[in-house]
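Visitor: Please take a close look at one part of this model and walk me through its local geometry, stating the criterion behind each term as you go.

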Amino acid sequence: MADILIGTCGWTDPSLLKSGWYPPGTGTPEKRLRHYATRFPVVEADSPYYALPSPRTTTHWAERTPPGFRFDVKAFSLLTGHPTRPAALPPDLRTHPRNEALRTEVWTRYAQALAPLLHSGRLGTLLFQYPASLHPGPEAETFIRTARERAHDWPFAVEFRDPAWWHPAHAPRTTAFLKDLNATAVATDTPDPRYPVPVTTGLTIVRFHGRSPHWRTGTKEDRFRHTYTEQELEEWLPHIHTAATTATEIHLLFNNCCGDASPKAAATMRELLTRSGIPHQRPAPEETRTEP
């Protein structure tokens, strides 16, 4: 059976900080991450999507979490074809043409920044979330394959925002394509959830975005505002159990990031797995933390 890790997409969202989920005395980045790691064994780092991190930052992340903790790290926006503000790029790259040469240089710096997580055993995977504008076809496959070739020594996961990739007519080709790349297929829970979970590598990921009726049209807060019910999460249990028979590790990540909705949903999912007798990983005790 796979090792199942449950967590949230981010640990520093402003609405989470205001929600009261973090107890008194956790007012610094270090203390918040240390506290988070006592509650969950995996987290998604989404800040690298918006700006390249520094090796110093990721070194701190590794130092403040226990052995076995995992970071799934979103790829920088330029690497996945999302619109990228010039100000998000390093100053010396802001006037460069938006082409593959620029992506190669950005990838080099991104990889250097994440090396401390890889070398410390804290990296779960890189998460390449592709925009809804990336439609299935040879051109898109070439774009993704080029990214995978750059990251050939790294764990690599793919989330498609265009549902056409998983339309029944195209799903077998998508699955075969990701298997050929040794890329993890990311399943998603949205108002139109996609399951069963496609297993294309030893790692399987499900990202729970919520089921807001404004998923495709609202503001970011509107799109991700959702409080999961037990019934909605229970729908996933048979699919998680099936995936666990073939995968070696499963990450269940909650992205309904308004207030403390995501950690509450993650805790509910953990309880449901326990009730169902599905084994899952608990956070390591505080005394195992590595001091910086």
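Guide: Cys9 counts as buried because its relative accessibility is 5%, where buried means under 20% relative accessible area, exposed over 50% and partly exposed in between, with a 1.4 Å probe and protein chains only. Cys258 also falls into the buried class, at 19% relative accessibility. The count of disulfides is zero, a disulfide being a pair of cysteine sulfur atoms within 2.5 Å.

The model is predicted, so local features need pLDDT of at least 70 and side-chain atom pairs count only at pLDDT 80 or more, while totals for chains, interfaces and linings use all residues. Residues are numbered from 1 along each chain as its sequence is written, and side-chain values use heavy atoms, with hydrogens and water left out.

The helix pair to examine closely is α6 (residues 138-150) with α7 (residues 171-181), whose axes come within 11 Å and cross at roughly 20°; the axes are lines fitted to C-alpha atoms over the stretch in contact, with angles from 0 to 180 degrees between N-to-C directions. Therefore α6 is roughly parallel to α7, a label for angles under 35 degrees, as against roughly antiparallel over 145, roughly perpendicular from 65 to 115 and oblique for the rest. Helices here are DSSP runs of H or I with at least four residues, and strands are E runs of at least two, numbered from the N terminus. The crossing of α6 and α7 is right-handed, that is, the near helix is turned clockwise from the far one by less than a right angle.

On the α6 side, Glu141, Ile144, Arg145 and Arg148 meet Arg173, Phe177, Asp180 and Leu181 of α7, contact meaning heavy atoms within 4.5 Å. The residues of this contact of α6 with α7 comprise five charged, three nonpolar and no polar, where Asp, Glu, Lys and Arg are charged, Ala, Val, Leu, Ile, Met, Phe, Trp, Tyr, Cys and Pro nonpolar, and the others, Gly among them, polar.

Beyond this pair, in the loop between α7 and β6 (184-189), lies Asn182. Its phi is near 55°, a positive value in a residue other than glycine, whereas most residues other than glycine have a negative phi. With a relative accessible area of 47%, Asn182 is partly exposed.
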